[in-house]
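I opened this structure today and kept short notes. Each entry records one thing I looked up.

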Amino acid sequence: MAARVIVIGAGPAGVRAAQALAGAGLRPTVIDEGRRDGGQIYRRQPEGFSRTYDALYGTEAARAASVHATFDALRSRIDYLPETLVWNISPGMVHLVSGTRYHALKFDALIVCSGATDRLMPVKGWQHAGTYTLGGAQVALKSQGCAVGARTVMMGTGPLLYLVAAQYVKAGAQVCAVLDTSTALQRLRALPALLSIPASLWKGLALMRVLRRAKVPIHRGVRPVEIKGTPQGGVTGVAVKLQDGAMFERACDAVALGYHLRPETQLADLAGCEFHFDEASQQWLPHTDEDGRSSVKGVYLAGDGARVRGADAAERSGRLAALAAMRDAGMAVEGIDTLRAELQRFTRFAAGLRTAFPWPAGLAASVPDDTLVCRCEAITAGELRRVVREAGAREANRAKAFSRVGMGRCQGRYCGHAGAEIIAAAACVPLSAVGRLRGQAPVKPLPMALVEDTCK
Ligand SMILES: Cc1cc2nc3c(=O)[nH]c(=O)nc-3n(C[C@H](O)[C@H](O)[C@H](O)COP(=O)(O)OP(=O)(O)OC[C@H]3O[C@@H](n4cnc5c(N)ncnc54)[C@H](O)[C@@H]3O)c2cc1C
């Protein structure tokens with residue numbers, strides 16, 4: 001086996017990949033931009049905090065404890081680089097920044113476990129201070145032990161919508177409303193697929209009970225209209241159209257927004273991996289085989305960064321990708337067939353979640369002209385439509401060049417999906433024909449004053 005194996009990400013996928021590699025006698029390097037291991041779901045609280053596993057992770061306490069304990073036991077058998085951002089990948093090499101120091105590491109095998117982020121859609125007024133992603137609202141709670149507002153509205157769709165709302169309620173925060181764009185009928189249609197993992201379905205129903213008991217108003221089938229606010233004071237309220245066409249308004253000082261998740265695929269892109277358009281989730285995904293091999297030799301993708309199937313699947317796919325890497329290097333490995341079979345159940349469940357909480361493509365395509373699409377560059381939907389009409393920019397990167405949508409700090413991670421829907425609708429072409437924004441290094445902003453780290 002090649003000596004230099006790098007794992008990017010210390011979430012469930014990365015931890016299990018590292019465990020498999022170390023278990024076979026290898027010494028992988030594990031890199032994560034986070035201060036502590038655990039990834040998103042099992043994000044650790046800052047040092048010095050003493051909330052219990054039950055308080056922090058609820059029904060996932062045992063899994064969180066298991067992933068943390070595994071990583072703690074691995075620490076002497078891996079090279080761990082926390083607070084280190086992989087900002088670029090070139091053939092056989094990852095490029096890193098930690099603080100103001102940069103260096104590069106060679107690899108023979110690279111396992112990318114970069115996780116997911118919220119999938120977002122613009123709504124009028126979403127630039128007001130006090131608008132967060134659902135994930136961001138959860139990070140505030142888990143990591144800093146605070147709520148994003150005194151009165152928060154949760155809006156969008158997906159399991160995280162109900163999970164974060166319930167976590168806020170349990171923490172004693174006020175949730176003024178849960179506004180879901182998906183309908184009860186869509187949930188019903190998803191039931192057979194969701195029954196592939198009854199325990200997860202049960203956990204979802206338990207979240208609803210928490211919200212009902214706290215008398216949180218829940219509206220389904222809504223159409224977001226506006227996040228109200230002022231440039232000085234931030235968010236003051238939310239307006240949506242209910243399923244029966246009536247307007248609903250609620251005063252609040254924070255909104256948490258999200259439409260399920262999207263894989264964080266920039267690193268796969270920079271590594272040169274091929275992508276395909278996934279009709280089911282209406283997004284571009286890196287191509288992998290069943291075990292996580294990408295189209296680039298020596299590069300493996302696992303966890304939610306390859307496709308969103310949840311944390312339990314991430315653990316399995318992380319281990320599977322590590323086994324695949326070892327098998328490709330001529331090592332004898334066991335357990336591949338079992339992991340493949342187990343993952344099928346999670347794939348079915350993930351399909352159920354997509355049916356239950358679909359990405360409301362029509363909504364994205366029809367945001368009003370005066371709505372900001374790209375908050376980094378302050379570009380409206382009207383401006384984006386204008387470049388499609390007047391400059392013939394029907395392809396994502398061309399539209400970016402003409403309009404600057406997706407050219408700012410977030411590199412299109414938050415506006416890219418909705419921007420593509422707007423282009424497709426304005427150009428009357430299928431979404432797949434719009435293509436995808438090309439990954440660009442650096443994946444996140446870097447400090448201006450970088451110094452080469454010669455010690456590595
Ligand atoms: C904000 C958020 C909150 C979530 N909360 C829950 C929840 O409460 N319950 C639940 O069931 N599911 C939740 N999910 C989904 C859940 O996080 C995933 O299913 C699971 O964590 C996937 O595990 P993973 O190892 O693939 O990725 P993650 O756990 O996301 O881990 C990925 C790791 O990669 C690191 N990373 C990414 N890019 C780079 C880079 N360029 N350089 C260095 N490091 C990098 C990240 O810092 C992170 O630690 C959440 C998802 C998000 C995005």
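Entry 1. I started at Val296, which is partly exposed because its relative accessible area is 25% (buried means under 20%, exposed over 50%, partly exposed in between, with a 1.4 Å probe and protein chains only). I am reading a predicted model, where local features need pLDDT of at least 70, side-chain atom pairs count only at pLDDT 80 or more, and totals for chains, interfaces and linings use all residues. Residues are numbered from 1 along each chain as its sequence is written, and side-chain values use heavy atoms, with hydrogens and water left out.

I then placed Val296 in the loop between strand 19 (283-286) and strand 20 (299-301). Helices (H or I, at least four residues) and strands (E, at least two) are DSSP runs, numbered from the N terminus. I also checked Val296 against Ser50: they are 246 residues apart along the chain, and their C-alpha atoms are separated by 43 Å.

Entry 2. I followed strand 19 back to its partner. Strand 18 (residues 275-278) runs antiparallel to strand 19, and four bridges join them (two strands pair if DSSP finds at least two bridges between them). Phe275 stands opposite Pro286 of strand 19. The hairpin of these strands has four residues between them, and Gln282 takes a positive phi near 55 degrees there.

Entry 3. I looked at another hairpin. Strand 14 (residues 234-241) and strand 15 (residues 247-251) are antiparallel and joined by five bridges. Lys241 faces Met247 in strand 15. Five residues lie between the two strands, and in this hairpin Gly245 has a positive phi near 95 degrees.

Entry 4. Val97 has Tyr102 in strand 6 as its bridge partner.

Entry 5. Which residues come nearest to the ligand? Of the 30 residues around the ligand, they are Ala13, Asp32, Val86, Gln138 and Asp304 (near means a heavy atom within 4 Å). By class, this shell has 13 nonpolar, 13 polar and four charged residues. Helix 4 (134-144) is among the elements that supply at least two shell residues, as are helix 1 (12-23) and strand 4. Helix 4 gives the most, with three residues.

I asked why the ligand lies between two domains. Domain 1 (5-117 + 262-353) and domain 2 (120-259) both give residues to the shell, so the ligand lies between them. The domain bounds come from an automatic or database domain assignment.

Entry 6. An oxygen atom of the ligand is 3.3 Å from a polar backbone atom of Pro12. For Cys113, the distance from a polar backbone atom to a ligand oxygen is 3.4 Å. The protein covers 90% of the 970 Å² of accessible area that the ligand has on its own (Shrake-Rupley method, 1.4 Å probe).

Entry 7. I ended at Thr133, in strand 9 (residues 131-133). Is Thr133 buried or exposed? Thr133 counts as buried because its relative accessibility is 17%. The side chains of Thr133 and Asp118 make a polar contact of 3.3 Å (a pair of N or O atoms within 3.5 Å; within protein, one must be able to donate a hydrogen and the other to accept it, and residues adjacent in sequence count only if both atoms are side-chain atoms). A polar atom of the Thr133 side chain also lies 2.8 Å from the backbone nitrogen of Gly136.

Technical notes: Nonpolar A, V, L, I, M, F, W, Y, C, P; charged D, E, K, R; others polar.
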